[in-house]
Amino acid sequence: MTEKTDDIQFTQNRELSWLKFNDRVLDEGADESVPLFERLKFISIFQSNLDEFFMVRVGSLETLHLAGNNERENKGHMTTDEQLKAVFKACVPLVEKRDMLYHSVSQKLRMHGIYQLDMDELADIEKEYLDNWFASMLEPVISPQIIDSHHPFPHLLNKVIHIGARLKFDGNTSFGIIPVPASVPDIVMLPGSDIRFVFTEDLILAHIEDIFTGCKILETTVFCITRSADIDPDEADFELATDDFRENMKKALFKRKRLEPVRLEYRSEMSSDMLDYLCKRFRLNKKQTFRINGPLKMGYVFGLEDKIPENKKIQLLYEPFRPQQSPMIGPKENVIERVQKGDLVLSFPFESMDPFLRLLREAAEDPDVVSIKITIYRLAKRPRIAEYLCMAAENGKDVTAVIELRARFDEQENIDWSERMEYSGCQVIYGLPGYKVHSKVCLITRRTGEGNIQYITQIGTGNYNEKTAKQYTDLSLITRDQEIGRDAVEFFKNLAIGNIHGTYKNLLVSPVSLKSTVLKEIDEEIAKGSEGRIIIKINSFTDLDIIKKLKEASCAGVNIDMIIRGICCMLPGITGVTENVHIRSIVGRYLEHSRVYCFGTGINERMYIASADFMTRNTERRVEVACPIYDSTVRGRIHDIIDACLRDNTKARIVQSDGTLKKVEDGKDPFGAQQYLIDEALEKAAEAAKAAEEEKASVPVQTKQAQPEEHKGFFARLKGIFS
C-alpha cells in the first residue's frame with residue numbers, strides 16, 4: 001500500500017469534502033438572516049442530499065468493500081474501509097446537528113401558526129378527527145405482517161417508513177412490521193385556520209394495538225432503510241438480455257430496488273435485542289445505524305409552503321421573485337431574427353428561459369428550418385421543450401434527440417419521454433455505451449432564401465428543464481457563429497455513429513479534448529508567471545491531473561480564483577504549494593450550477609462555458625461540451641456574474657488549507673451575489689418595460705386585427721399523445 005506523500009499534501013478525500021459541503025447547506029438552516037420557513041427547507045435539502053449520498057457514494061464504497069477492493073484512493077490516500085469508517089463517523093455529528101436545528105426551527109414556526117404535533121399534544125376533537133381518518137383512509141390500505149415460519153421477512157423498499165414491533169402472542173415472541181403505504185401522504189393535516197399536522201407513521205403507531213389484535217405490544221419503533229443505488233446499466237448481464245438499451249434500463253431500475261441496504265435509521269429508543277434483530281436481517285453493523293430525533297423523511301416540507309397564508313409568507317419565505325425577461329431580447333421579438341444580429345446569453349434563474357423556448361417553437365414552425373438536434377439529460381415533468389420537439393417532427397422537421405437514459409434518479413422519466421417523442425416522429429438515440437452524454441447542446445439548421453445552410457447553436461451549463469431553470473444558476477448561450485455550428489454538426493454526427501474521438505475546431509468535447517485543452521490553457525498562464533490569471537467556476541473538483549497542474553500554476557505565481565459549490569479535493573493556501581489558489585463556495589437561495597473557465601486577462605482572455613465540472617467522471621467518462629465565448633457583450637455579462645461571486649461576503653465561504661469552510665471577513669458592506677443579480681434583473685426589466693411604454697405611446701393607435709388560430713390540429717393530437 002502506498003503511503004500519502006508530499007505530492008498530494010494539497011488534496012483531501014472526496015467523500016469527506018462532500019460532507020463538509022452538506023454541512024454548509026445545513027448552516028443555512030441555522031442562519032437567522034434566512035426566513036424561517038426557508039430554513040426548514042434547507043434542513044430538508046440537507047436530508048435529501050444525505051440520502052442520495054448514502055445511496056450513491058456509500059453504496060459504491062460498500063460494493064467495493066464486498067468485492068474485496070481495499071485500494072487507496074488518490075486524493076486522501078484512504079482505503080475503502082477507512083473511507084467507510086470515516087464517513088459513518090463524520091455523519092454522527094451532522095445528524096445530531098440536523099435534529100437540533102429541526103426542533104429549534106419547528107418550535108419557532110409554532111409562533112407563526114405552523115405546528116408539527118405529537119399525538120399526546122392533540123385536543124380530544126382532533127384525536128376524534130384522526131381516528132376517523134385512520135378508519136377511512138389508512139386502515140383499509142395498510143398491510144401488517146407478523147414474521148414467523150409461514151410469514152417470511154418481506155423485502156423493504158428504499159426510504160419507505162415502517163413501523164416495527166416486538167409482539168407476544170400465546171406465549172411466543174415475534175416481530176411485526178407495517179409499511180406506511182405509498183398511497184397515503186407523509187403527513188395528515190388537521191382542520192382549522194392554523195397549519196397543524198401529524199406524521200402518518202405516528203397515527204399508525206397510535207393504533208398499533210388495534211392492528212395487531214390480540215397481541216401484547218412489547219416494544220415499537222419507526223424505521224427505514226437506505227439501499228444502494230449503485231447500478232451499472234452497461235453491465236454485461238443487462239446487455240445480454242436484449243439489444244434494446246431502453247429495455248436494459250428498465251431491468252436495471254428493477255434491480256436497483258433490490259440492492260443491499262447501506263443504512264438503518266430509526267426514531268426513539270430501541271432495545272439492543274430489536275436493533276440486533278434488524279441489523280441481522282439487513283446485514284448491517286451498528287456503525288451503519290442512526291437514531292434520528294426527528295422526521296425520517298422531510299419531502300412534505302415543500303408541500304406545506306402552499307398552505308401558508310399570504311399575510312404570513314412575507315415573514316416566513318424569501319420575497320417572491322419571477323425570472324425576468326432578458327435585456328438582450330424583447331419579450332415578443334423573433335429569436336431567430338434577433339440571433340442574426342448578435343449572440344445572446346441567458347442567466348438563469350434571474351432571467352427567463354422563455355427566449356430559448358420561443359426559439360424551439362419558432363424553429364418548429366419555420367418552413368426554412370430543416371432539422372433540430374438536441375442532447376437531453378433531465379427534463380421537467382411536463383416539458384414544453386419536448387412538446388415543441390414533437391411539434392417540429394409533426395411539421396416534417398428532422399428532429400434528433402440524444403436522450404441519456406442513465407441520468408440518475410430521472411431514468412424512468414427519460415424512458416417515458418423517449419417513447420412519447422418516438423411516437424411523434426422524433427429520432428431518439430440513447431447515448432453511448434460506457435459514456436453518459438451530459439452535454440447541453442441544441443443545433444438548429446436552416447436553409448436561407450439564397451439556398452445556403454445556416455446554423456443556430458445553443459450551448460448551456462444546465463439541463464433543458466423549465467423547473468430547475470427557476471432554481472439553479474445556469475448560463476445558456478445562443479450563438480450565430482457558423483464555425484461553432486459546424487462543430488455541432490460534427491458532434492451530433494459522431495454521437496449518431498458512436499464515435500467519441502471526433503475532432504473539433506472550437507468546441508472542447510470530453511473525453512477527448514476538453515481536459516487536454518484545459519491543461520494546455522493552464523500551461524499558457526504558467527508561462528506568464530505572476531502575470532498569469534485563472535478564474536474557474538464549477539460545482540465539484542476531483543480531477544487529480546488538473547489539481548496538480550493548478551498547483552504547478554500556483555508555484556509559478558499565477559493568481560487563481562475558484563468558485564466551487566460542492567466537492568473540492570484541492571486544498572488551497574498552503575505556503576509554497578497552493579498559496580496562490582483562492583477557493584470559495586457559495587450556498588444560497590439558488591443552487592449554484594453554472595460552469596465557467598477563464599484563462600488570461602483583457603483581450604487575450606479565453607473564456608468558456610461548459611457542462612463539465614473538473615471531475616474525472618466528467619473529463620474522462622462522460623460526453624461533455626465546453627464552448628468558447630467570442631462575443632464581447634456576452635463575455636461582459638458573464639464577467640458581471642463571476643465578479644459578483646468573487647465579491648460575495650454573505651453567502652460565500654472560504655475554503656481553508658485544512659478543507660474547512662470559513663465565513664468571509666473582509667470588513668466591507670454586506671454583499672450577496674445572488675441578491676445582486678436578482679436586483680439587477682429587476683432593474684433592467686423595469687427599464688425595458690419603461691422604454692417599451694414610451695415607444696408605445698409614440699406610435700399612432702391602429703386597429704388590431706384578429707389573428708388566426710395556428711396549429712390547432714397539432715395541439716389536439718398532442719393532447720392525446722401527452723395525456
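Which residues does phenylalanine 541 touch, not counting residues up to four places away in sequence? Figure 1 takes that up, and the other close-ups follow; the model throughout is a predicted one.

**Figure 1. Phenylalanine 541 and the largest nonpolar core.** Leaving out residues up to four places away in sequence, phenylalanine 541 touches Ile546, Ile547, Leu550, Met562, Ile564, Ile567, Cys568, Cys569, Met570, Phe614 and Met615. The core around it has 110 residues, and Phe541 is listed with Phe37, Met562 and Tyr597 as having the most contacts inside it. Helix 2, covering residues 36–66, gives the most to this core, namely 11 residues. There's also a second, separate core, with 91 residues, Leu379, Ala386, Ile484 and Val509 among them. As background, nonpolar side chains in soluble globular proteins tend to be buried together.

**Figure 2. The tilted pair of phenylalanine 197 and tyrosine 300.** Searching the whole structure turns up 21 aromatic pairs. In this one, the ring centres sit 5.6 Å apart with 55° between the planes. Phenylalanine 197 belongs to strand 6 (residues 195–199) and tyrosine 300 to helix 10 (residues 300–304), so the pair ties together parts that are 103 residues apart in sequence. Phenylalanine 197 and tyrosine 300 are both buried.

**Figure 3. The edge-to-face pair of phenylalanine 350 and tyrosine 590.** Here the planes are at 90° and the ring centres 5.8 Å apart, so the pair counts as edge-to-face. Each partner comes from a loop: phenylalanine 350 from the one between strand 10 (344–348) and helix 13 (354–365), tyrosine 590 from the one between strand 21 (581–586) and strand 22 (591–592). That makes it a link between distant parts of the chain, 240 residues apart. Phenylalanine 350 is buried, as is tyrosine 590.

**Figure 4. The largest cavity and its lining.** Of the seven cavities of 30 Å³ or more in the structure, the largest holds about 80 Å³ of space. Its lining is made up of Gln12, Ser17, Lys20, Phe21, Ile564, Arg565, Gly566, Cys568, Ser585, Val655, Gly659 and Leu661. By class, that's five nonpolar, five polar and two charged residues. Helix 1 (residues 14–30) gives the most to the lining, with three residues. One of the lining residues, Phe21, also shows up in an aromatic cluster with Trp18, Phe53, Phe54, Phe88 and Phe290.

**Figure 5. Arginine 565, a charged residue in the lining of the largest cavity.** Arginine 565 lies in the loop between strand 20 (559–564) and strand 21. Is arginine 565 buried or exposed? Its relative accessible area is 14%, and the cut-off for buried is under 20%, so arginine 565 counts as buried. The C-alpha atoms of arginine 565 and serine 585 are separated by 4.6 Å, though the two residues are 20 apart along the chain. Not counting residues up to four places away in sequence, arginine 565 touches Phe21, Ile538, Asn539, Ser585, Ile586, Leu591, Glu592 and His593.

**Figure 6. Helix 14, largely enclosed by the rest of the structure.** Nine of the 11 residues in helix 14 (residues 384–394) are buried, which is why it is described as largely enclosed. The buried residues are Ile385, Ala386, Glu387, Tyr388, Leu389, Cys390, Met391, Ala392 and Ala393. One of them, Ala386, is included in the second core of Figure 1. Just after the helix, glycine 396 takes a positive phi of about 90°.

Figure 7. Apart from neighbours within four places in sequence, threonine 200 is in contact with Leu138, Val180, Val184, Pro185, Asp186, Ile187 and Val188.

Key: Residues are numbered from 1 along each chain as its sequence is written. This is a predicted model: local features need pLDDT of at least 70, side-chain atom pairs count only at pLDDT 80 or more; totals for chains, interfaces and linings use all residues. Side-chain values use heavy atoms; hydrogens and water are left out. Contact means heavy atoms within 4.5 Å. A nonpolar core is a set of buried Ala, Val, Leu, Ile, Met, Phe, Trp, Tyr and Cys residues joined through side-chain atoms within 4.5 Å. Buried means under 20% relative accessible area, exposed over 50%, partly exposed in between (1.4 Å probe, protein chains only). Helices (H or I, at least four residues) and strands (E, at least two) are DSSP runs, numbered from the N terminus. Rings of Phe, Tyr and Trp (its six-membered ring) pair if their centres lie within 6.5 Å; planes under 30 degrees apart count as stacked, over 60 as edge-to-face and the rest as tilted. On a 1 Å grid over the protein atoms alone, a cavity is a set of points where a 1.4 Å probe fits but cannot get out, and a pocket is an open set with protein on both sides within 12 Å along at least five of seven lines; lining residues have an atom within 4 Å of a point. Grid points are joined across faces, edges and corners, and a volume is the space filled by probe spheres set on the points.
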